Amino acid sequence: MLDLVNIVASFELSRELSFDEAMNIAKSLGKIVRSGNSFRVPGIVLKICCNNRCYKAQLYRRYINIGGVKNIDEIKELSEFISRKLVETENEVRRIIIRNMIYVADTGLKLDVKSLGATDVFPGAVMSLGTPSILVYSSGKVIIPGVRSREEAEEILKKLINYIKNNGSII
């Protein structure tokens, strides 16, 4: 009923990098897509390919942020890959931080999303029940972004289902 579809993880390095060091590490990790210190994307954006999967990553100061990860095993594989590449740079992965997880759930209910606050501009409702905002669709599908654990996603889903049942939003 609850499926993990994306993880954004940060690999904290043992020391901060100069821009030149970051460029060298980025080149060893993958293909550089963009670099610079723009307002929208500071640091270096690159594509890292590891074990037949490619990920978009951002290298900035002392963090390598990687999105598109599907499970914890992939995080471990990426950590080993990055650690091997860092050996020559007198740097290492100090810790891994889960920044964000996105889950998708199917409530199994047909919903009146207008009663949940949907507008004509968006086909679903954006809701916040004292939690990160969640997306709810009339099909009963729910997208739960911005959580850091499955337990947190399950709790949000329980709150949502209770809210839906108590407010007559089921068709």
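**Core and contacts**

I started at Ile66. Leaving aside neighbours within four places in sequence, Ile66 is in contact with Ile7, Val8, Ala9, Phe11, Ile48, Tyr55, Lys56, Ala57, Leu78 and Ile82. I took contact to mean heavy atoms within 4.5 Å.

A note on the source: this is a predicted model, where local features need pLDDT of at least 70, side-chain atom pairs count only at pLDDT 80 or more, and totals for chains, interfaces and linings use all residues. Residues are numbered from 1 along each chain as its sequence is written, and side-chain values use heavy atoms, with hydrogens and water left out.

Next I looked up the largest nonpolar core. That core has 48 residues, and Ile66 is among those with the most contacts inside it, along with Phe11, Leu59, Ile64, Ile82 and Ile144. Helix H3 (residues 150–166) gives the most to this core, with six residues. My rule for a nonpolar core was a set of buried Ala, Val, Leu, Ile, Met, Phe, Trp, Tyr and Cys residues joined through side-chain atoms within 4.5 Å. Buried means under 20% relative accessible area, exposed over 50%, and partly exposed in between (1.4 Å probe, protein chains only). In soluble globular proteins, nonpolar side chains tend to be buried together.

**Overall build**

I counted three helices and nine strands in the chain. Helices (H or I, at least four residues) and strands (E, at least two) are DSSP runs, numbered from the N terminus. From the N terminus on, the order is β-α-β-β-β-β-α-β-β-β-β-α. The radius of gyration is 20 Å, well over the 16 Å from the globule rule for 171 residues, so the chain is more spread out than a compact globule. That radius is taken over C-alpha atoms, and the rule is 2.2 Å times the number of residues to the power 0.38. The C-alpha trace spans about 60 × 30 × 30 Å along its principal axes. Of the 171 residues, 36% count as buried.

**Salt bridges**

How many salt bridges are there? I found seven. The rule was a side-chain nitrogen of Lys or Arg within 4 Å of a carboxyl oxygen of Asp or Glu.

Arg94 and Glu12 meet at 3.9 Å, N to O. This pair links distant parts of the chain: Arg94 is in strand E6 (residues 93–106) and Glu12 in strand E1 (residues 2–13), 82 residues apart. Glu12 is buried, at 6% relative accessible area. Glu12, Arg94 and Arg95 are linked in a network of salt bridges.

Asp106 pairs with Lys141, with the closest N and O atoms 3.4 Å apart. Asp106 lies in strand E6 and Lys141 in strand E9 (residues 141–147), so this bridge ties together parts 35 residues apart in sequence. Asp106 is partly exposed at 31%, and Lys141 is partly exposed at 39%.

Asp120 meets Lys114 at 2.6 Å, N to O. Asp120 counts as exposed at 74% relative accessibility, and Lys114 as partly exposed at 48%.

**Positive phi**

Most residues other than glycine have a negative phi. I noted Asn52, with phi near 65 degrees. Asn52 lies in the loop between strand E3 (42–50) and strand E4 (53–60) and is exposed, at 85%. Glu90 has a positive phi of about 55 degrees. Glu90 sits in the loop between helix H2 (72–86) and E6, and is exposed at 70%.
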